[in-house]
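Dear colleague,

Please find the structure below, handed over for your records. A summary of the findings follows it.

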Amino acid sequence: MSSLEKRLLGKNAFITGAGSGIGRAIALRYAREGANVAINDLKVESAEQTSREVEALGVKSLVLPADVSDSEQVQALVERYFTEWSKLDVLVNNAGIGSTMETVSLMKEATWDRTMNINLRSVFLVSKYFAKQMVKAKVPDDQLRGKIINISSVRGKYGRAHFGAYSASKFGVVSLTQTLALELGKNRITVNALCPGLTLTPIYGNISAENLAKNNAHIALAFKPVGMPEDVAGAAFFLASSDSDWITGQSLLVCGGQHFI
Ligand code: NAP
């Protein structure tokens with residue numbers, strides 16, 4: 001790709017949970033499009049690995065390990081980000097965990113709390129502390145200050161048995177996306193969500209696409225067994241690019257026509 005075709009050249013992005021799966025794929029796509037990418041993950045080693053892959057694509061990277069459900073760690077992370085880089089153009093709230101597959105009546109309260117903390121509270125905290133800085137960015141009047149992209153799920157639009165905590169957390173992400181879009185619109189910051197369907201990532205452990213599809217035979221896909229992280233990264237690129245400047249508060253299904261119930 002020549003530098004003329006790189007659509008995110010000169011932009012800075014920060015992605016949570018980018019040491020693995022969908023977050024890593026978004027980081028690499030953004031880097032290929034010319035963006036510098038700051039990488040968060042719980043594990044330093046996986047954040048460093050993605051960061052090295054990003055730098056190998058010829059852009060800058062920053063490793064910011066932290067538990068993004070912890071307020072103090074998030075505040076320290078944001079402070080460190082702005083010590084190293086002066087502006088943030090694209091924030092991707094991606095870190096999350098999957099469903100424990102229990103019914104609500106058998107679910108431990110600790111499971112509910114952990115799921116809400118990691119999948120929803122993290123989006124609140126990271127958006128809250130980054131947005132405070134993003135609104136101060138000096139940009140020409142006809143340009144956006146930045147974009148926030150939240151990774152929800154098909155389960156953020158359609159509930160399902162055994163997905164009680166997970167689905168509620170992802171509905172929460174969709175709702176928070178709408179609220180943030182309304183609150184930050186006047187600051188010229190757009191906020192949208194992506195709702196991936198079944199996507200082959202380490203969230204399901206070490207499983208093949210065929211077996212993942214077999215285990216989810218109730219789900220019919222339009223044209224391939226399961227989605228890949230790069231499918232979600234393509235949509236995340238669109239939401240980061242200027243082609244989506246007039247889109248905000250939306251939650252886009254990225255699921256290849258997956259059936260929802
Ligand atoms: P993944 O491969 O497990 O990646 C998630 C990453 O987030 C992991 O590296 C994980 O670290 C990290 N993480 C978890 N808790 C964190 C925390 N508190 N602070 C910082 N990082 C944390 O899973 P994925 O499938 O790519 O999931 C990415 C997002 O997509 C999640 O929000 C998930 O709910 C959503 N999603 C996934 C699918 C799917 O089918 N894969 C479908 C719909 C939505 P550790 O590995 O060290 O825990």
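A residue is near a molecule if one of its heavy atoms lies within 4 Å of it. The ligand is surrounded by 29 residues, the closest being S20, D41, N94, T201 and Y204. This is a predicted model, in which local features need pLDDT of at least 70 and side-chain atom pairs count only at pLDDT 80 or more, while totals for chains, interfaces and linings use all residues. Residues are numbered from 1 along each chain as its sequence is written, and side-chain values use heavy atoms, with hydrogens and water left out.

The side chain of S20 has an N or O atom 2.6 Å from an oxygen atom of the ligand. A nitrogen atom of the ligand is 3.4 Å from a backbone N or O atom of L42, and a polar backbone atom of V68 lies 3.1 Å from a nitrogen atom of the ligand.

Turning to the helices (DSSP runs of H or I, at least four residues), α1 (residues 21–32) and α2 (residues 44–55) have axes that come within 9 Å and cross at roughly 20°. These two helices, α1 and α2, are therefore roughly parallel (angles under 35 degrees) to each other. Their contact (heavy atoms within 4.5 Å) involves R24, A27, L28 and A31 of α1 with T50, E53 and V54 of α2.

Helix α7 (residues 229–240) packs against α1 at an angle of about 50°, with the axes 8 Å apart.

Note on methods
Axes fitted to C-alpha atoms, helices over the stretch in contact; angles between N-to-C directions. Parallel < 35°, antiparallel > 145°, perpendicular 65-115°, else oblique. Polar contact = N/O pair within 3.5 Å; in protein donor to acceptor, adjacent residues only side chain to side chain.
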